[in-house]
There are 2 protein chains.
Amino acid sequence: MTRSLSILGATGSIGASTLDLIRRERGAWRVVALTANGNAADLARLAREFAAEVAVVADEASLPALRAALAGSGIAAAGGASALVEAASRPVDLTVAAIVGCAGLAPTMAAIEQGRTVALANKEALVSAGAVMTAAVERHGTTLLPMDSEHNAIFQCLAAGDLAHVRAITLTASGGPFRDWSAEQLAAATPQQAIKHPNWAMGAKISVDSATMFNKGLELIEAHHLFPVGLEKLRIVVHPQSVVHSMVEYRDGSTLAQLGPSDMRVPIASCLAWPSRMDTPCAPLDLAALGELTFRAPDEARFPATRLCRQAAEAGGAVPAVLNAANEVAVAAFLAGQIGFTRIAVTVEELLARYAPAAAATLGDVIAVDAEARSRMRQMMELV
Amino acid sequence: MTRSLSILGATGSIGASTLDLIRRERGAWRVVALTANGNAADLARLAREFAAEVAVVADEASLPALRAALAGSGIAAAGGASALVEAASRPVDLTVAAIVGCAGLAPTMAAIEQGRTVALANKEALVSAGAVMTAAVERHGTTLLPMDSEHNAIFQCLAAGDLAHVRAITLTASGGPFRDWSAEQLAAATPQQAIKHPNWAMGAKISVDSATMFNKGLELIEAHHLFPVGLEKLRIVVHPQSVVHSMVEYRDGSTLAQLGPSDMRVPIASCLAWPSRMDTPCAPLDLAALGELTFRAPDEARFPATRLCRQAAEAGGAVPAVLNAANEVAVAAFLAGQIGFTRIAVTVEELLARYAPAAAATLGDVIAVDAEARSRMRQMMELV
């Protein structure tokens with residue numbers, strides 16, 4: 001029996017890993033929509049390979065190139081924000097929502113509104129629009145599968161019990177490249193140093209988030225929406241080897257953990273095959289060869305990001321959206337050499353103190369808060 | 001809603017831990033039968049406390065003392081092997097089968113034949129009588145819950161997937177007190193040194209089994225019957241901290257592990273509350289405080305027991321029963337100062353080479369093979 005699938009964000013790294021797995025069970029899947037931001041050439045190549053029904057570029061300027069590249073293929077080409085939402089609305093068994101940033105919110109919501117299954121890799125959907133998205137998931141009876149390695153780990157561990165019996169959920173954090181750096185060293189850290197992640201190959205923005213621990217803080221906010229056990233039961237532990245992806249402790253003292261290689265194809269395969277399992281080419285876990293797994297408490301003096309994120313989640317409403325937007329602007333400024341590494345968290349905290357918008361009731365509200373927060377952050381940092 | 005429960009082996013350590021948990025939710029349970037070997041005083045005290053219907057001593061000589069201790073309580077007292085089987089046959093929602101040794105086989109079988117739920121802590125049921133017991137479980141539609149910490153860990157990890165999707169099951173082993181000893185040191189090891197287990201408080205026999213790694217080998221045989229994925233998928237890894245109790249790796253590269261304190265109340269609570277969860281007073285897991293978990297491959301040159309057990313499981317039939325009986329005799333001889341530590345595995349291997357009985361079709365066959373193996377082992381060791 002074939003299942004139908006759309007991938008929102010097909011040319012990114014999640015899209016590539018997803019299609020790598022789909023390629024291995026080609027006969028099991030029918031690909032409906034593939035979307036990209038502006039990379040028409042790659043998108044057209046993938047759409048042809050997987051015989052997609054429709055290919056969509058978010059950037060309308062790329063549409064002519066997409067049309068040309070798909071000429072004679074019989075595959076529909078479209079461009080722009082509303083075409084993206086239309087593609088995400090086409091009925092499929094499974095949508096992989098992997099568009100980066102706020103651009104992913106509307107298509108992700110359209111996929112959720114189908115009431116089928118959405119594998120979620122768009123961080124903003126839960127960080128900035130958590131309440132709006134989870135309300136839609138509930139309203140439409142949608143199955144939401146977390147694709148992030150930590151949240152997917154928690155999701156797997158929850159198969160052994162019920163949320164009501166959870167005593168603690170612990171997100172593991174590699175601690176990033178500056179894990180062992182002193183406060184003085186952190187103040188002098190360069191973008192080149194920050195983007196070298198020890199365990200995962202990632203883009204510059206998320207590598208900096210790993211270095212500041214904002215990445216883990218944002219994951220804490222996501223976990224708060226995905227697994228509503230209460231923030232006081234959500235923990236973070238630094239685990240440099242990134243072998244244990246996260247853990248769930250139950251009331252009887254049993255802790256279930258999910259372990260695996262640092263390969264996104266593992267959580268992606270878990271989502272694609274759920275509630276069954278599929279093969280991946282990932283190497284088996286060899287703990288004897290690894291030798292040791294180490295753990296330590298996070299140091300929120302050197303890495304205040306997780307504290308800020310926890311406070312934002314506690315405040316709720318539009319505060320996490322402000323935090324996320326502020327962090328993006330600060331990271332961009334750091335990468336551009338405009339602010340120092342430790343200023344990222346400091347400026348985010350400053351904006352949170354100055355800008356406290358009303359709770360966002362709709363996706364439009366979230367997007368407006370996001371834009372306003374970015375604008376205020378740039379002004380505050382005198383970058384404009 | 002109260003559930004009914006019998007405990008076969010109520011005065012042992014599993015019985016005590018089980019009753020400790022029952023005591024905490026007294027109103028949720030109705031205790032039907034409690035049994036002991038010969039400890040009439042303790043048994044009577046527990047039967048009174050938990051208002052059991054019947055108390056049974058396996059050793060008939062203890063029956064008068066039990067009768068006297070229960071006088072006026074309204075609790076029935078009985079003694080002997082057939083009374084034990086009768087008690088195990090009384091209908092209950094859950095039987096905890098925790099009698100040590102071959103004496104536990106017949107009552108455990110009687111509990112299985114109820115077709116309800118049996119929480120199994122009797123090792124011989126699966127090591128010596130695996131095929132006979134699992135056939136009875138299947139025939140009667142019984143739910144078998146493994147109470148041993150390793151097998152219970154695997155059982156919990158299997159909630160996240162299906163046996164058909166398992167790539168490997170890994171039992172963790174503390175490695176015992178002689179983990180880092182040289183072959184020369186092992187040859188000179190004394191009983192006093194062997195019974196100091198690093199992580200668990202246990203009896204002398206099982207402590208020696210932990211030191212030889214026969215304990216882990218016997219668990220491998222049990223796992224082979226409980227989780228029929230094929231012996232080639234069953235692994236052992238040495239993990240000195242005994243925090244990870246065992247692991248299941250699925251075909252997608254996800255490994256689920258169960259972690260917890262070295263406290264039998266955790267797996268017992270898992271069985272008592274299954275498929276739900278109950279509170280225990282066990283301390284939460286604090287990996288940051290533990291700092292590190294280490295793993296290494298077992299060394300079958302110094303510790304040949306796991307190899308012997310794997311070979312016995314591969315041979316099947318009555319061979320594991322011979323191995324188990326031979327090991328018990330050898331351990332008793334070691335504890336009595338009659339043979340050296342490394343002679344335990346050597347003599348077990350010798351008996352396996354000399355005595356290869358036909359497969360046991362019934363529990364009677366298993367018990368006969370067990371008795372014959374013990375007799376031959378004693379003769380072979382010239383201890384008779």
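User: Which residues of α15(B) meet α16(B), and which residues of α16(B) do they meet?

Analyst: In this predicted model, B:L308, B:C309, B:A312, B:A313 and B:A315 of α15(B) meet B:V319, B:P320 and B:L323 of α16(B). Sorted by class, the residues of this contact are eight nonpolar, with no polar and no charged ones.

User: What makes the arrangement of α15(B) and α16(B) roughly parallel or roughly antiparallel?

Analyst: Helix α15 (residues 305-315) of chain B and helix α16 (residues 319-335) of chain B have axes that come within 7 Å and cross at roughly 150°. Angles over 145 degrees count as roughly antiparallel, and therefore α15(B) is called roughly antiparallel to α16(B).

User: At what angle do the axes of α4 and α5 of chain A cross, and how are the two helices described as a result?

Analyst: The axes of helix α4 (residues 81-89) of chain A and helix α5 (residues 105-112) of chain A cross at roughly 25° and come within 8 Å. The cut-off for roughly parallel is an angle under 35 degrees, so α4(A) and α5(A) are described as roughly parallel to each other. The crossing in which α4(A) passes α5(A) is right-handed.

User: Which residues make the contact between α4(A) and α5(A), and how do they divide by class?

Analyst: From α4(A) come A:L84, A:V85, A:A88 and A:S89, and these meet A:A106, A:P107, A:A110 and A:A111 from α5(A). By class, seven residues of this contact are nonpolar, one is polar and none is charged.

User: Which residues of α1(A) and α13(A) meet, and how many belong to each class?

Analyst: In α1(A) the residues are A:I14, A:S17, A:T18, A:D20, A:L21, A:I22 and A:R24, and in α13(A) they meet A:R265, A:I268, A:A269 and A:L272. This contact has six nonpolar, two polar and three charged residues.

User: How do you know that A:E219 and A:K123 form a salt bridge?

Analyst: The nitrogen of a Lys or Arg side chain has to lie within 4 Å of a carboxyl oxygen of Asp or Glu, and the side chains of A:E219 and A:K123 meet at 3.9 Å, N to O, so the pair qualifies. It links distant parts of the chain, with A:E219 in helix α12 (residues 214-226) of chain A and A:K123 in helix α6 (residues 123-127) of chain A, 96 residues apart. Over all chains, the search finds 46 salt bridges.

User: How many salt bridges are there between chain B and chain A, and what makes B:R277 and A:D252 such a pair?

Analyst: Four salt bridges are counted between chain B and chain A. The side chains of B:R277 and A:D252 meet at 2.9 Å, N to O, which is within the limit of 4 Å, and the pair therefore counts as a salt bridge.

User: What area is buried between chain B and chain A, and which residues of chain B lose the most?

Analyst: About 3400 Å² is buried between the two chains, and carbon and sulfur atoms give 50% of it. On the side of chain B, the residues B:R251, B:D252 and B:R277 lose the most area to chain A, together 21% of what that side buries. The contact takes 43 residues from chain B and 43 residues from chain A.

How values were computed: Residues are numbered from 1 along each chain as its sequence is written. Chains are lettered from A and ligands numbered from 1 in the order in which they are written. This is a predicted model: local features need pLDDT of at least 70, side-chain atom pairs count only at pLDDT 80 or more; totals for chains, interfaces and linings use all residues. Side-chain values use heavy atoms; hydrogens and water are left out. Contact means heavy atoms within 4.5 Å. Helices (H or I, at least four residues) and strands (E, at least two) are DSSP runs, numbered from the N terminus. Ala, Val, Leu, Ile, Met, Phe, Trp, Tyr, Cys and Pro count as nonpolar, Asp, Glu, Lys and Arg as charged, and the others, Gly among them, as polar. Buried area is the accessible area (1.4 Å probe) that two parts lose on being put together, summed over both. Axes are lines fitted to C-alpha atoms, for helices over the stretch in contact, and angles run from 0 to 180 degrees between N-to-C directions. Angles under 35 degrees count as roughly parallel, over 145 as roughly antiparallel, 65 to 115 as roughly perpendicular and the rest as oblique. A crossing is left-handed if the near helix is turned anticlockwise from the far one by less than a right angle, and right-handed if clockwise.
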